[in-house]
Amino acid sequence: MSLEQEIKLRVMQEAELDLSGLVWLNDLLESTPYPQHLLSTYFDTPDRALMEFGVGLRLRQVDQQWLQTVKCSGQASDGLHQRKEWEHEIAGPEFDLARLAETDLAPLLENKAVWDAIAPVFTTDFSRLVLPLRLDDGTQIEMAYDVGKVHAGNREQAIHEIELELKKGDIKKCQQLAESLKRALPLEYSDMSKAGIGYSLS
């Protein structure tokens with residue numbers, strides 16, 4: 001289990017951002033930025049038992065890799081999202097029940113009526129540009145620029161956002177970086193997660 005701390009910034013335009021012109025940002029790169037394609041399926045029961053319990057469950061394919069993730073609802077304020085997270089690599093698009101039993105999802109896993117009703121609710125499909133950043137004081141931040149869509153049945157909504165996930169160091173440095181990005185780009189803080197968007201559409 002880890003405590004995920006990230007700041008989410010919504011892009012306030014349809015056109016994609018050009019980050020290459022931000023010299024100060026590129027000076028913070030610890031390694032070369034790289035693209036990913038992320039396809040995620042989120043699961044719940046028809047009566048939203050997981051959401052009511054305060055946990056989220058997804059299977060995510062990152063290029064050719066599969067990940068199983070459980071997240072608690074946690075808290076979000078002024079774009080800062082803080083929540084417990086369990087993420088494990090798995091062999092394919094099937095749940096690893098032993099790993100799930102180690103998470104806060106365990107009580108629902110033990111309830112056969114609930115677990116048997118688990119089904120896909122919505123998906124997210126987006127391209128991500130990952131920028132590994134390192135600040136002068138050693139703080140490490142993974143910046144992700146995401147562009148794509150959330151799909152729930154015949155409804156969809158655009159994903160166009162930047163996430164700043166603290167990997168090592170002080171969350172205040174993450175917040176200072178977010179402020180610098182807001183001054184340079186058409187961004188605003190967002191307390192809505194991709195899962196929150198998906199539930200609102202479903």
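Is Ala 184 buried, exposed or partly exposed? With a relative accessible area of 38%, Ala 184 is partly exposed; buried means under 20% relative accessible area, exposed over 50%, and partly exposed in between (1.4 Å probe, protein chains only). The points below set this residue beside the rest of the chain.

1. Basis of the note. This is a predicted model, in which local features need pLDDT of at least 70 and side-chain atom pairs count only at pLDDT 80 or more, while totals for chains, interfaces and linings use all residues. Residues are numbered from 1 along each chain as its sequence is written, and side-chain values use heavy atoms, with hydrogens and water left out.

2. Overall form. The protein chain has seven helices and ten strands; helices (H or I, at least four residues) and strands (E, at least two) are DSSP runs, numbered from the N terminus. The radius of gyration of the protein chain is 17 Å, which agrees with the value near 17 Å for a compact globule of 202 residues. That radius is taken over C-alpha atoms, and the globule rule is 2.2 Å times the number of residues to the power 0.38. Along the principal axes, the C-alpha atoms fill a box of roughly 55 × 35 × 35 Å.

3. Of the 202 residues in the protein chain, 48% are buried. Contact means heavy atoms within 4.5 Å. Among contacts with a separation of 6 or more, residues 24 or more positions apart account for 65%.

4. Main core. The largest nonpolar core has 25 residues, and those with the most contacts inside it are Met 143, Ile 162, Leu 164 and Leu 181. At least two residues of this core come from each of β1 (2–11), β7 (119–134), β8 (140–152), β9 (155–168) and α6 (171–184). The largest share, five residues, is supplied by α6. A nonpolar core is a set of buried Ala, Val, Leu, Ile, Met, Phe, Trp, Tyr and Cys residues joined through side-chain atoms within 4.5 Å. In soluble globular proteins, nonpolar side chains tend to be buried together.

5. Neighbours within four places in sequence aside, the contacts of Leu 164 include Ile 7, Leu 9, Ile 141, Met 143, Cys 174, Leu 177 and Leu 181.

6. Helix α6. Ala 184 is in this helix. Leaving aside neighbours within four places in sequence, Ala 184 is in contact with Leu 22 and Trp 24. From Ala 184 to Leu 19 the C-alpha distance is 9.9 Å, across 165 residues of sequence. Gln 176 is also placed in α6 and counts as partly exposed, at 48% relative accessibility. Its C-alpha atom is 43 Å from that of Glu 110, 66 residues away in sequence.

7. Helix α7. Within residues 194–201, the buried residues are Lys 194, Ile 197, Gly 198, Tyr 199 and Leu 201. Their cover includes β1, β2 (34–44), α2 (49–53), β7, β8 and β9.

8. Two glycines in loops. Gly 92 lies between β6 (80–90) and α3 (97–100) and counts as buried because its relative accessibility is 15%. Gly 74 lies between β4 (65–72) and β5 (75–77) and counts as partly exposed, at 48%. Residues up to four places away in sequence not counted, Gly 74 touches Gln 82 and Arg 83.

9. Positive phi. Most residues other than glycine have a negative phi. Arg 48, in the loop between β2 and α2, has a positive phi near 60°. Asp 63, in the loop between β3 (55–62) and β4, has a positive phi near 55°. Asp 63 is partly exposed, with a relative accessible area of 38%.
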